Amino acid sequence: MPIIEVNHLTKEYQLGHITSLKENVLNTFRRLGGKPTQQRENFKALDDINFTIEQGEVVGIIGHNGAGKSTLLKHLANISKPTKGEVIVRGSIAPLIEVGAGVNPELTGRENIFLNGAILGIPKKIIQQKLDEIIDFSELEQFIDTPVKRYSSGMTVKLGFSIATSLDADILIIDEVLAVGDLAFQRKCFDKMEDMIIRQGKTVLLVSHNIRQIERICKRVILMDHGKIYADGASAETCGLFYAQNDEIIKKQSEILHSNARKEKSNDIDLLSIELLNENSDITELITYNENVTFKINYKVNTPLENPIFGFGIHTTDFLYLATEITDNQFKDQTLLPGEYTVTVNIPSFPLLPGVYSTRIGVDAGKVTHNILYEENVFHFQVKNITNERSLSLCEGFIHLKGSWTLNRNSIFQ
Amino acid sequence: MINVVKNLYQYRELIAALAWKNIVIRYKQAYLGVLWAVLKPIMLMLIFTLVRSFVGIESDDLPYPILTFAALLPWVFFQESASEGVNSVTSNAALIKKIYFPREVFPITAMVTKIVELAISFVILAGMMIYYKMVPTIYALWVPAIIFYTMIVALGISFFGAAVNVYYRDMSQALPVALSLLMYGSPVMYPLSLVHKKLIEEQAAGAWSNDLYTLYTLNPLAGIIDSFQRVVLKGLPPDFNALYPGVILTLVILPFSYLFFKRAENWFADVI
């Protein structure tokens, strides 16, 4: 029997401010008189959601802001009640929804452990037993008797997470909590979570915008979009779908403004355009994996440039730098007079796996070399597979190692 | 109703922890700490004593300060429990949006918090009784029952008020006004025996007198304060004639108030 069952779950919110008392009274009179009442516009935060989760499953929930992820978790944790449909949960739920919800700034760390324990429904005895373990995990021994209002935000989260994970519930709900805390502590939280998932067989629901985290931890991912389930399946495929959705949005946005990209410009040089040529020298935005491709970058030079160095790099749409090519000394003895130039980079066998990528470019020049142009996220292109056949080594990660495998039997056990 | 008691038991640790938090937070950075809690009844007692020296109020042959303090003790406990209870849900919005547990925990916690202040008031009352050389009789054993009844009355108001306050904050503004009016309608400044004398013995309101007296005692606080003074100061059993109209009213209101709260509870997280 599934541990969580969601049937036709629909949640409507009324838009706008709550009706005034006067409006309410008037509506009551209208209803009594059989006249139409003034209704406010409804918004469906969740629209006919159906899914089941089995014991021990680790499910990620992803989607854009406002897709309904947190609303869904609120219904699972019994905080909100559905407008229509039902949510059946067979087991105890640890409400990890935003770690530190119950942390009170006036109390000390130790006092907060007891208070939060009580809020999460952990008996006082168990908290007392686990106190040392909790303090130890939070790495806050030194500050445990200091009021939390004097903690840094990272410390507060550490404390909250340490308390929440000491809870012995069947189902853990985690909403965007690992975003704070330094890398070492994040690592520790992951280990703790994996311990709970694998060794203790707990059911875990994870909401995060860090898709790579989700992809790693969860076997199953639910992609939500506008209050509906857009996809529900293996994590690699669902995350792939989400990336594709994101890429479209990012591409649209980047055409309007390069908002979040770094950009440094000087009057010495302007970037005119970037072109991508495929094997047949056709201008394109779609290439195939392993194809022989050429990037042409057109510049307009306004003042004479000594010792130019050109750089070109590829990054993912979430700005993970994958590869960078720099001309170093190749054109260093040249001086570029004002005019239009084209810099060409040829990549004989394009090594990046199918996906959407973006490029960044930079130019350094001068007797004392300094940066005169740098732009990120300037040109998007997509890499697709040669065949439609999906080979696993072609959809996880960014590059293909082209490894060859062998299998030998070294000894035989009788 | 059985559910409330069951929840109360199941969540006793949570209620205790939240009440402890409320008390710690309120007095943590205050030098005088929890003494502030009893300032209110003491100040009121002094003011009433001062006023009485001008207008002259009968005090049933008891020292007026202790009579009025014994009235203020259950009254302030009731008033503070009710007004804290009404605000208890909205002031815990962060918890309500994040974690589920039965929401009646909040009004109940607000009341439990006030028990600490009540206990300190009892110490002061005991001190005053020693000063006036008064010895409690066996009837003082009624005190827990009277306090329990006061809690029920306060909960009857806080459940309904807290739920309404989530939707309309007017409630938290209106309640203090209503409660301070109710104080003058309760035998706090004057003893109930004065009302009894005017209406029942002197029939001051003519044909309406008996009905008016019943109406007056419909206010549960009338019975509570009178009974408290009788069992603690006068060494008499409670006057059930003054108690029963209020008890009936409370028993009628409490279930409605609680059901209203439980129905509204479903939307707290969405509306708050």
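In this predicted model, A:Asp225 stands opposite A:Lys228, a residue of strand 9 of chain A. The two strands concerned are strand 8 (residues 220-225) and strand 9 (residues 228-234) of chain A, which run antiparallel and are joined by 6 bridges. Strand 8 and strand 9 of chain A form a hairpin with 2 residues between them. In the turn, A:His226 has a positive phi of about 50 degrees.

**Positive phi in loops of chain A**

Most residues other than glycine have a negative phi. A:Asn78 has a positive value, near 70 degrees, and is not a glycine. A:Asn78 sits in the loop between helix 2 (69-76) and strand 4 of chain A.

**Sheets and strand pairs of chain A**

One open sheet of chain A has 3 strands in the order 2-1-4, with antiparallel pairing. Its edge strands are strand 2 (42-53) and strand 4 (84-89) of chain A, each of which pairs on one side only. From one strand to the next, the twist averages 25 degrees. Strand 1 (residues 4-14) and strand 2 of chain A pair in the antiparallel sense over 8 bridges. In this part of the model, A:Tyr13 has A:Phe43 in strand 2 of chain A as its bridge partner.

An open sheet of 3 strands is also found in chain A with the order 11-13-18, and its pairing is antiparallel. Strand 11 (269-277) and strand 18 (339-347) of chain A are the edge strands, each pairing on one side only. Neighbouring strands of this sheet are turned by 20 degrees against each other on average, direction ignored. Strand 11 of chain A pairs with strand 13 (residues 293-301) of chain A in the antiparallel sense over 8 bridges. The bridge partner of A:Asp270 is A:Lys300, in strand 13 of chain A.

Strand 21 (residues 380-384) of chain A has a parallel pairing with strand 12 (residues 286-288) of chain A, through 3 bridges. Strand 21 of chain A also pairs with strand 19 (residues 355-365) of chain A, in the antiparallel sense and over 4 bridges. A:Val383 in strand 21 of chain A is the bridge partner of A:Ile287, and A:Val383 is likewise the bridge partner of A:Gly355.

| Strand pair (chain A) | Sense | Bridges |
|---|---|---|
| Strand 1 and strand 2 | antiparallel | 8 bridges |
| Strand 8 and strand 9 | antiparallel | 6 bridges |
| Strand 11 and strand 13 | antiparallel | 8 bridges |
| Strand 12 and strand 21 | parallel | 3 bridges |
| Strand 19 and strand 21 | antiparallel | 4 bridges |

**Chain B**

The secondary structure of chain B comes to 13 helices and 0 strands. The radius of gyration of chain B is 19 Å, close to the 19 Å that the globule rule gives for 272 residues, so chain B is as compact as a globular protein of that length. Along the principal axes, the C-alpha atoms of chain B fill a box of roughly 55 × 50 × 35 Å. Of the 272 residues of chain B, 39% count as buried. Among contacts in chain B with a separation of 6 or more, 79% come from residues 24 or more positions apart. The average pLDDT of chain B is 88, and 100% of the residues score at least 70.

B:Phe148 belongs to helix 7 (residues 143-167) of chain B. Is B:Phe148 buried or exposed? B:Phe148 counts as exposed because 10 C-beta neighbours lie inside 10 Å. B:Phe148 and B:Phe122 are 26 residues apart along the chain, and their C-alpha atoms are separated by 15 Å.

**Contact between the chains**

The contact takes 23 residues from chain A and 19 residues from chain B. On the side of chain A that touches chain B, helix 3 (residues 109-119) of chain A gives the most, with 4 residues. The residues of that side divide into 14 nonpolar, 4 polar and 5 charged. For the complex, the predictor gives an ipTM of 0.79 and a pTM of 0.76.

Key:
Residues are numbered from 1 along each chain as its sequence is written. Chains are lettered from A and ligands numbered from 1 in the order in which they are written. This is a predicted model: local features need pLDDT of at least 70, side-chain atom pairs count only at pLDDT 80 or more; totals for chains, interfaces and linings use all residues. Two strands pair if DSSP finds at least two bridges between them. Axes are lines fitted to C-alpha atoms, for helices over the stretch in contact, and angles run from 0 to 180 degrees between N-to-C directions. Two residues are in contact if their C-beta atoms, placed from the backbone, lie within 7 Å. Ala, Val, Leu, Ile, Met, Phe, Trp, Tyr, Cys and Pro count as nonpolar, Asp, Glu, Lys and Arg as charged, and the others, Gly among them, as polar. The radius of gyration is taken over C-alpha atoms; the globule rule is 2.2 Å times the number of residues to the power 0.38. A residue is buried if 20 or more other C-beta atoms lie within 10 Å of its own, exposed if 12 or fewer, and partly exposed in between; C-beta atoms are placed from the backbone. pLDDT is the predictor's confidence in each residue, from 0 to 100.
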